[in-house]
Amino acid sequence: MALNARLDHRNPLVFDTHELGRRPGALQRLTRTVDAPRDLGIQGVIGVPEGAPVELELRLESVMEGVLVTGTARARAEGECVRCLEPLELELEADFQEMFSYPDADDRGRPKAEPADDAEEDEDRLFIEDGLFDLEPVLRDAVVLALPMQPVCREDCPGLCAECGARLADDPDHHHDAVDIRWAALQGLADTMSDGEKDEMSGAEAGVDEKQEK
């Protein structure tokens, strides 16, 4: 999160640390149910629908350099089975822990004497701004890590028939008679020969008919 970012306290995923204070060791526990933000999950695979309830349990601990946030998010995720393509749902529980740093303190919690030239390092850190912190980026990372990359409706899902696309779970005895390509070639040759014999027989019968007419 960029320094000097303006956070909106009305955002349900923005939390206020003023009550906690900056005294190391102070603790605060919070519970909150929020609406899932857009694209919460693995896009195109599985995720929590936008607006669905997400239950948050948080533990805020004041430390020298900032606020250590430990929590759990619970929600219902929806997606599609990668084997049979049927819709599926699963209960999601994502744990996370993240440090939100005070922008005026260094890594040891002491006030910075002057701004340091460490822009790249700051890009990887999350900061408290005006006593507020935004949990959304932490929640997104935690949800993605907790979700399966290849969700299945059940562990033994047999998937779809490779030849016709039928759902095998609906028809366990579903199968197609396998044809050996070598025999198929011979069968094709046999059919060709049969067609040739039929043509010869037709020609012979035509010749006999002509003679009889004469």
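Buried means under 20% relative accessible area, exposed means over 50%, and partly exposed is in between (1.4 Å probe, protein chains only).

**Ground rules.** I'm working on a predicted model, where local features need pLDDT of at least 70, side-chain atom pairs count only at pLDDT 80 or more, and totals for chains, interfaces and linings use all residues. Residues are numbered from 1 along each chain as its sequence is written, and side-chain values use heavy atoms, with hydrogens and water left out.

**Salt bridges.** I looked up the total and got ten salt bridges in the structure. The cut-off is a side-chain nitrogen of Lys or Arg within 4 Å of a carboxyl oxygen of Asp or Glu.

I checked Arg-76 and found it partly exposed, at 40% relative accessible area. Glu-89 is partly exposed too, at 47%. Their side chains meet in a salt bridge, 3.0 Å from N to O. I noted that this pair links distant parts of the chain, with Glu-89 in strand β7 and Arg-76 in strand β6, 13 residues apart. Strands here are DSSP runs of E, at least two residues, numbered from the N terminus.

Next I went to Glu-93 and Arg-74, which form a salt bridge at 3.2 Å, N to O. Glu-93 sits in β7 (residues 87-101) and Arg-74 in β6 (residues 66-80), 19 residues apart. Glu-93 counts as partly exposed at 48%, and Arg-74 is partly exposed at 28%. I also wrote down that Glu-57, Arg-74 and Glu-93 are linked in a network of salt bridges.

**Asp-130 and Arg-6.** I found a salt bridge here as well, with the closest N and O atoms 3.2 Å apart. Asp-130 is in the loop between β8 (126-127) and β9, while Arg-6 is in the segment before β1 (14-16), 124 residues away. Asp-130 is exposed at 54%, and Arg-6 is exposed at 71%.

**Asp-134.** I placed this residue in strand β9 (residues 132-134). What I did find is that the Asp-134 side chain reaches the backbone nitrogen of Glu-136 at 3.1 Å.

Note on methods:
Helix = DSSP H or I, 4+ residues; strand = E, 2+ residues; numbered from the N terminus. Polar contact = N/O pair within 3.5 Å; in protein donor to acceptor, adjacent residues only side chain to side chain.
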